[in-house]
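Subject: Structure for your files

Dear colleague,

Please find the structure below, as promised. My notes on what turned up in it follow.

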Amino acid sequence: MDKESNFYTIGYAVVLTVVVSVGLAFIATGLKARQDSNQRLATKMDILTAVGIENLAKANADEIFDQRIESVVLGPDRVPQEDGINALDIDMFKETRLPKDNQRYPLYVYKNEGETRYVIPVYGNGLWDRIWGYVALKEDMATVAGVTMDHRAETPGLGAEIKDNPKEYNDPFIGMNIYDQEGNYVGLSMKKGRLDDPAHQIDAITGATITADGVTEMLQEGVRAYLPYFDQLKSN
């Protein structure tokens, strides 16, 4: 075969592409279990951080989570489901694209030494890609005990601050009440410029308006989705 011919060059490129593709697919399949395990661990650590457990070592996260966290899956009617599905197995980005009457809502209940926290997963969109987080409410289901946030591709020094600078953009929410004095839901938000309602708002990230708007939407609507369940608990 003439190695200088176009046919040989194209054929060689096709074979090489197939070999590389198969190799990458094989590697990805082999690593998937480990990736899923690492993602699960990261989720557990974020949830535990939201309830106030700081400086958490990866080696201890699984044990502490299993001892102190109860995972609950709520159905579209906000009633706990009994089908054995683990809340950690629900991909909320896929779930939120389903019709409302088919969506499920994972919830994590932390209990330790007489304290109870309700941890709500929240999901949204930033400037470049997905953003997500966890809002922990105290036993009154109204006062914020902690917030963690993360992102897939926000800009370092700007939108990425929701993860990289928790003392500035997570911790200020602690102690806020998601209701106003009349008992109306107002939620949590980020606002650029002068705050209209400092009891429920924090300063937005300078130069990251779209990320801040995405955070506000995910906090507002993410927590709101669980209010019917909390109303049921309060009435019991």
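A contact here means heavy atoms within 4.5 Å. Among contacts in the chain between residues at least 6 apart in sequence, those joining residues at least 24 apart make up 51%. Please keep in mind that this is a predicted model.

Overall make-up

The chain has 236 residues, and 41% of them are buried. Its accessible surface is about 13600 Å², with 51% of that belonging to carbon and sulfur atoms. There are seven helices and seven strands. Along the sequence they follow the pattern α-α-β-α-β-β-β-β-α-α-β-β-α-α.

Strand β2 covers residues 105–112, and six of its eight residues are buried. β2 pairs with strand β1 (residues 69–74) in the antiparallel sense, over six bridges. In that pairing, Ser-71 stands opposite Tyr-108 of β2.

β2 is also joined to strand β3 (residues 115–125), again antiparallel, by five bridges. Here Val-109 stands opposite Tyr-118 of β3. β2 and β3 form a hairpin with two residues between the strands, and Glu-113 takes a positive phi near 50° in this hairpin.

Strands β4 and β5

Strand β4 (residues 130–137) runs antiparallel to β5, and seven bridges join the two. They too make a hairpin, with six residues between them. In its turn, Met-141 has a positive phi of about 60°.

How many residues of β5 are buried? Eight of the eight residues in this strand (residues 144–151) are, so β5 is largely enclosed by the rest of the structure.

Asp-150

Is Asp-150 buried or exposed? The cut-off for buried is under 20% relative accessible area. Asp-150 has a relative accessible area of 12%, so it counts as buried. Asp-150 is the bridge partner of Trp-132. Trp-132 is also among the residues that Asp-150 touches, not counting residues up to four places away in sequence.

Regards

Methods: Residues are numbered from 1 along each chain as its sequence is written. This is a predicted model: local features need pLDDT of at least 70, side-chain atom pairs count only at pLDDT 80 or more; totals for chains, interfaces and linings use all residues. Side-chain values use heavy atoms; hydrogens and water are left out. Buried means under 20% relative accessible area, exposed over 50%, partly exposed in between (1.4 Å probe, protein chains only). Helices (H or I, at least four residues) and strands (E, at least two) are DSSP runs, numbered from the N terminus. Two strands pair if DSSP finds at least two bridges between them. Accessible areas come from the Shrake-Rupley method with a 1.4 Å probe; for residues, only the protein chains shown count as cover.
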